[in-house]
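Dear colleague,

Here is the structure I promised to hand over, placed just below so that you can look at it while you read. My notes on what was found in it follow after that.

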Amino acid sequence: MPDFLPIAYFEGNFVPFKEANISIATHALHYGTGAFGGLRGTINPQNPKQVLLFRLDRHCKRLSNSAKYLHYDLPATKIYDVIKDFVSKNAPTNPFYIRPFVYTSDLGVAPRLHNIEKNFFVYGLEMGDYLSPDGISCRISSWYRQEDRSLPLRGKISGAYITSALAKTEAVDSGFDEAILMNSQGKVCEATGMNIFMVRNGKLITPSFDQDILEGITRDSVITIAKNLGMEVEQREIDKTELFIADELFLCGTAAKVTPVKRVENYHLAKERPITTKIKETLTAITENRDSNYQDWITTIDL
């Protein structure tokens with residue numbers, strides 16, 4: 001059982017987490033008509049009375065855009081203010097994860113987005129490493145990523161994550177840590193909740209937006225960091241066979257941070273990962289507010 005933070009934001013108020021409950025008839029529970037965000041909070045290593053939030057403005061903007069797909073007008077400024085208050089009221093003392101969620105909160109059985117109540121809640125839990133920082137094994141999933149023409153993949157729509165759940169369990173049940181999904185064209189897409197990067201011949205390569213990927217905030221951060229470090233970055237289609245001969249491979253996301261991949265199927269990758277290591281170290285320094293070049297990515301909350 002995760003260590004949940006004691007206070008949640010629910011139906012417009014801050015309440016004890018254990019009291020933030022929904023009905024079994026809630027519309028979103030039946031139809032996946034919700035959308036979520038996720039961001040990490042770090043205790044400032046230099047000041048234990050401060051919490052550092054990474055790219056809060058971008059996370060709030062993406063969730064606000066995801067809400068639009070549900071025909072829900074939820075301003076990013078509203079999400080921003082609630083999350084800041086949420087952190088202050090919980091006053092966490094360990095690294096944690098924040099889960100804001102928008103959803104159709106009416107009680108009903110007709111799948112629709114019109115003439116239906118929507119709502120927004122926030123809760124959190126303590127979180128360390130989501131995946132092993134030493135490296136993980138991945139299999140190519142038998143499940144394919146959905147297409148943007150079937151549902152809005154730029155939003156983190158909750159119903160879409162059945163594919164991630166199926167792929168993750170398939171991977172673990174077959175002896176792997178994580179799954180890599182192809183898109184409908186048979187090109188590399190992403191992992192179950194992370195974007196993917198490959199290094200070949202000194203170049204950092206990742207699937208482009210037209211490959212049905214999530215527009216990841218950590219992905220965007222990695223690209224910016226890499227370019228600022230003088231690396232060449234290419235966004236394009238990636239074939240499955242390229243993964244087997246990559247010089248380096250890593251996954252990235254809010255929960256996963258930067259996680260190296262040591263094996264894909266039965267192909268073992270190099271143990272030396274200089275580019276992955278450099279990006280990971282830089283990102284860690286940024287999230288801990290130790291890099292003055294990226295201080296605008298950090299929101300500081302005094303407890």
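In which loop does I24 lie? I24 is found in the loop between β2 (13-16) and α1 (27-31), where helices (H or I, at least four residues) and strands (E, at least two) are DSSP runs, numbered from the N terminus.

Before going further, please keep in mind that this is a predicted model, in which local features need pLDDT of at least 70 and side-chain atom pairs count only at pLDDT 80 or more, while totals for chains, interfaces and linings use all residues. Residues are numbered from 1 along each chain as its sequence is written, and side-chain values use heavy atoms, with hydrogens and water left out.

Together with I22 and L29, I24 forms a nonpolar patch on the surface, and the three have about 340 Å² of accessible area together. Patches are made of residues with over 30% relative accessible area and no salt bridge, with like charges joined within 9 Å and nonpolar side chains (Val, Leu, Ile, Met, Phe, Trp, Tyr) within 5 Å. Accessible areas come from the Shrake-Rupley method with a 1.4 Å probe, and for residues only the protein chains shown count as cover.

As for the protein as a whole, it has seven helices and 17 strands. For its 303 residues, a compact globule would have a radius of gyration near 19 Å, and the value for the protein, 19 Å, agrees with this; the radius is taken over C-alpha atoms, and the globule rule is 2.2 Å times the number of residues to the power 0.38. Along the principal axes, the C-alpha atoms fill a box of roughly 50 × 50 × 30 Å. Of the 303 residues, 51% count as buried, and the accessible surface comes to about 14,100 Å², of which 49% belongs to carbon and sulfur atoms. Among contacts (heavy atoms within 4.5 Å) between residues at least 6 apart in sequence, 69% join residues at least 24 apart.

Turning to charged side chains, a search of the whole structure finds 16 salt bridges, each being a side-chain nitrogen of Lys or Arg within 4 Å of a carboxyl oxygen of Asp or Glu. One of them joins the side chains of E215 and R154 at 2.6 Å, N to O. This pair links distant parts of the chain, 61 residues apart, with E215 in the loop between β12 (203-206) and α5 (217-228) and R154 in the loop between β8 (136-144) and α4 (162-173). E215 is partly exposed at 27% relative accessible area, and R154 is partly exposed at 33%.

A second salt bridge brings together K203 and E232 (3.6 Å, N to O), and this pair too links distant parts of the chain, since K203 is in strand β12 and E232 is in the loop between α5 and β13 (233-235), 29 residues apart. The side chains of R236 and E234 also meet in a salt bridge, at 3.3 Å, N to O; R236 is partly exposed at 23% relative accessibility, as is E234 at 26%.

Rings of Phe, Tyr and Trp (its six-membered ring) pair if their centres lie within 6.5 Å, and planes under 30 degrees apart count as stacked, over 60 as edge-to-face and the rest as tilted. The rings of F121 and Y123 have their centres 6.2 Å apart and their planes at 35°, so this pair is tilted. F121 counts as buried at 17% relative accessibility, whereas Y123 is partly exposed at 22%. Both are part of a cluster in which ring pairs link F4, F17, F101, Y103, F121 and Y123.

Finally, there are two backbone angles to check. Most residues other than glycine have a negative phi. E11, in the loop between β1 (7-10) and β2, has a positive phi near 50°, and N201, in the loop between β11 (195-200) and β12, has a positive phi of about 55°. E11 is partly exposed at 48% relative accessible area, while N201 is exposed at 72%.

Definitions and conventions
Buried means under 20% relative accessible area, exposed over 50%, partly exposed in between (1.4 Å probe, protein chains only).
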